[in-house]
Each structure stands twice: as structure tokens, then as C-alpha cells.
Amino acid sequence: MPVFDYDPPERFVAGALGQPGARVFYLQARAEGRLTTVALEKLQVAALAGRLDELLDEVLRLSGGTAHVPAVAPADLTDDAPLDVPLAEDFRVGTMALAWDAERSQVVIEAQEVVDEEDLDGPDPAVLRVRISAGAARAFTKRALQIVSAGRPPCPLCGQPLDAAGHVCVRLNGYRGGEAAS
């Protein structure tokens, strides 16, 4: 099982390539001349960002405000740069885990390779493990949520993404909704 371990990375970001509606989402970690890129679903990026914020808020709450956890992303940790190249997918993410390392005041993020049911007796899945500060986690979350929200606009009736030609809206009993249904 290859373990891509970054403790800490020089850079850890979420990113997407492609046009809205056909984007591919990635997590990318870089340190000491190494670069690891893993593919995942948009919903996984959104879930990771949401859970990271919840974890940090809980650490802050349980510490009574004494933990070194910023309430918002520090401006100096903002990373709006594109994904690093070459963009070579190391694996596709199946499951993810989060933990708080209280001794080091760091977030630990693990993304594990998706495993086919036929390969359960095969080699262990690959893992991307990243340890980042609470501030870096807030900055990651801010960027990840911006990437996720940069997709297709939602239908004002049902909330599903609109294509340029609209979509079949469940709130319109199967009629085409969106821009064509003004």
C-alpha cells in the first residue's frame, strides 16, 4: 500500500478542471519536490470542507477558545493559484477520514483509494495522509467551498444544477425548467 504522507505539506488544495457540469475535482499535496494528486467527486470536496469546519469549530468550543484555531481563514494562507502541473492522478478517492491531533494542534486528513469489490483480497489501497495547521485547514476549506460553488447555478425552484438549456425540474412536474422556462 503506497502511503503519500505530507507532514506538513508546502501546499494542500482542492481544485477542479473542466467546464461546469463536466468538471473533475482533485486534492493536491506538494512538499520537497513531491506532488500527489488524487481525484474525487464534487460532493466529497464539499463534505470534506464542511466536516473540516465542523471539526475546527468543535475543537475551539471544547477548548473554551484557548485552542490555536482561527475562526476564519487567515488572509496570509489564501491560495488561489491553479493546480500544480503535471496533473497526473495518483488514484481516485473512495473514503476519507479526519482527526484532530491535540498534541501537535494539527488536523490529520486521510483520503483512501477506492477499492473494487473484486479486489478486496488484493493489495491494500493507496492513502494520501496530510497533517496541516488549523489555519491551513480553514484556508483549505475556504478555497474548497469556492471551487464547489463555482459550478452551474442552481434552479431557483428545485435547487438542482441548471444546464445552459435548462433541465427537467421536479417542481414543474417534468416540464423543462431553468432559463428556457422564464
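Tutor: Happy to! Let's begin with Asp 5, which stands opposite Arg 129 in strand 7. Strands here are DSSP runs of E with at least two residues, helices are runs of H or I with at least four, and both are numbered from the N terminus. Before going on, a word on the background: this is a predicted model, in which local features need pLDDT of at least 70 and side-chain atom pairs count only at pLDDT 80 or more, while totals for chains, interfaces and linings use all residues. Residues are numbered from 1 along each chain as its sequence is written, and side-chain values use heavy atoms, with hydrogens and water left out.

Back to our pair. Strand 1 and strand 7 are parallel partners, joined over 4 bridges; two strands pair if DSSP finds at least two bridges between them. Both belong to an open sheet of 7 strands with mixed pairing, in the order 1-7-6-5-4-3-2. Strand 1 (3-6) and strand 2 (11-17) are at the edges with a single partner strand each, so one side of each has no neighbour in the sheet. On average, neighbouring strands of this sheet are turned by 25° against each other, direction ignored. For such angles, axes are lines fitted to C-alpha atoms, for helices over the stretch in contact, and angles run from 0 to 180 degrees between N-to-C directions.

Now stay in strand 7 (residues 127-133) and find Arg 131. Is Arg 131 buried or exposed? Arg 131 is buried, because its relative accessible area is 18% and buried means under 20% (exposed is over 50%, partly exposed in between, with a 1.4 Å probe and protein chains only). Its side chain makes a polar contact of 2.8 Å with the side chain of Asp 101. A polar contact is a pair of N or O atoms within 3.5 Å; within protein, one must be able to donate a hydrogen and the other to accept it, and residues adjacent in sequence count only if both atoms are side-chain atoms. Leaving aside neighbours within four places in sequence, the residues in contact (heavy atoms within 4.5 Å) with Arg 131 include Tyr 6, Asp 7, Arg 104 and Val 107.

Asp 101 leads us to the next strands, as strand 5 spans residues 91-101 and strand 6 spans 106-113. Strand 5 and strand 6 are antiparallel, with 8 bridges, and Thr 95 stands opposite Gln 112 in strand 6. These two strands form a hairpin with 4 residues between them, and Ser 105 in the turn has a positive phi of about 50°. Strand 5 also runs parallel to strand 4, to which 2 bridges join it; there, Ala 39 stands opposite Arg 92 in strand 5.

Finally, look at what lies across the sheet. Helix 1 (residues 42-62) lies across strands including strand 5, to which it runs at about 5°. Helix 2 (residues 134-149) lies across strand 2, strand 3, strand 5, strand 6 and strand 7, at about 5° to strand 2. In the whole protein there are 2 helices and 9 strands, and buried residues make up 34% of its 182 residues.
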